[in-house]
Amino acid sequence: MHRILFSIFATSAIFYSVNAQTKISFETSEGYATGVLGGQKTWTAWGGAPASYTSVSADKASDGTRSVKIFSDGSVLDNFGIESTVPGYNKAVISYDVNVDELDGSDNFFVVYDTNYEVVAAVDFDYDGVVAANDFDQEGLVETSKTYTANNWYNVKIELDFTTHEVKYYVDSELLLTGTINPDLTGYGIIDLMTDDYGSSFYVDNIQVKDATLATSEVAKKDIFRVYPNPTAEVVNFDIVGKINSVEIYDAAGKLVKTATDGARSVNVSALSTGNYVVKVKTETASQTTKLIKK
């Protein structure tokens with residue numbers, strides 16, 4: 001990693017109460033417009049970059065047609081980003097999808113702060129293709145065994161528990177690290193998307209904040225199966241509990257057009273014609289079906 005700097009910013013925060021789940025995919029239906037994100041809803045840009053470097057973009061998306069783009073060209077060579085207030089819960093699950101343009105450039109951070117800008121949790125899709133996560137006991141970011149590749153979407157999940165002051169980090173449902181939260185902290189209220197500006201951009205989509213004090217069965221029902229990006233032009237990924245035994249893709253007429261049986265959690269559909277399909281994913285204990293749109 002080039003360096004890890006989590007600065008304290010003198011930024012006023014506006015807090016609001018919402019239901020037990022918040023989702024942000026930067027779509028028109030949510031009240032977002034393409035272009036500069038700072039100033040839209042509760043998002044605030046910070047650092048020395050032009051406002052246009054943190055924007056709502058239609059270039060890539062894992063959910064719907066838009067995401068937030070953190071553009072980097074090495075002109076600042078310092079941390080900058082975009083932040084927002086979010087609802088806080090004593091036990092929470094914060095998740096998001098991330099896509100990095102290229103390796104050997106910037107570090108690409110998602111940081112969770114308390115209201116005094118103390119770090120609660122953080123994930124770094126590092127410039128060298130390694131995923132790192134924050135652990136208070138280890139005094140900062142810790143490299144995990146997880147690696148990633150450029151131009152692919154990954155789902156990150158952060159589980160926070162302020163009763164036990166424990167944090168768990170997952171990528172595509174794989175547990176990467178169980179760490180600790182500073183025991184002096186009692187909650188969180190801010191998320192921050194940040195780059196250190198070494199010349200590579202990244203995208204974030206499908207940000208979700210959930211109250212994990214809901215019954216476990218209710219949370220599990222919501223999280224059990226997900227196909228992304230959707231729509232897709234090339235690769236589709238599967239987020240499902242358990243080992244995947246088979247994947248079957250059917251066209252609108254019900255004809256089986258693609259299969260996979262090697263347990264992979266992604267399938268290349270670039271050869272399929274544009275249109276609507278049905279994906280059926282079978283594990284050892286369940287079978288899930290959903291609609292897929294091929295661009």
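Modeller: A salt bridge here is a side-chain nitrogen of Lys or Arg within 4 Å of a carboxyl oxygen of Asp or Glu. The model is predicted: local features need pLDDT of at least 70, side-chain atom pairs count only at pLDDT 80 or more, and totals for chains, interfaces and linings use all residues. Residues are numbered from 1 along each chain as its sequence is written, and side-chain values use heavy atoms, with hydrogens and water left out.

Biologist: How many salt bridges does the structure hold?

Modeller: One of them joins the side chains of Asp97 and Arg226, at 2.2 Å from N to O. Lys157 and Glu159 form another, with their closest N and O atoms 3.8 Å apart. The count for the structure is six.

Biologist: Which strands hold Asp97 and Arg226, the pair that links distant parts of the chain?

Modeller: Strands are DSSP runs (E, at least two residues), numbered from the N terminus. The salt bridge between Asp97 and Arg226 spans 129 residues of sequence. Asp97 lies in residues 91–100 and Arg226 in residues 225–228, which are strands β7 and β17.

Biologist: Are Asp97 and Arg226 buried or exposed?

Modeller: Buried means under 20% relative accessible area, exposed over 50%, and partly exposed in between (1.4 Å probe, protein chains only). By that scale, both Asp97 and Arg226 are buried.

Biologist: Glu174 and Lys146 also meet in a salt bridge; why does Lys146 count as buried?

Modeller: The side chains of Glu174 and Lys146 come to 3.8 Å, N to O. Glu174 counts as partly exposed because its relative accessibility is 38%. Lys146 counts as buried because its relative accessibility is 17%.

Biologist: Why does Lys157 count as partly exposed?

Modeller: Its salt-bridge partner is Glu159, which is partly exposed with a relative accessible area of 25%. Lys157 is in that class because its relative accessibility is 22%.

Biologist: Among contacts between residues at least 6 apart in sequence, what share join residues at least 24 apart?

Modeller: Contact means heavy atoms within 4.5 Å. Among contacts in the chain between residues at least 6 apart, the share joining residues at least 24 apart is 65%.

Methods. Helices (H or I, at least four residues) and strands (E, at least two) are DSSP runs, numbered from the N terminus.
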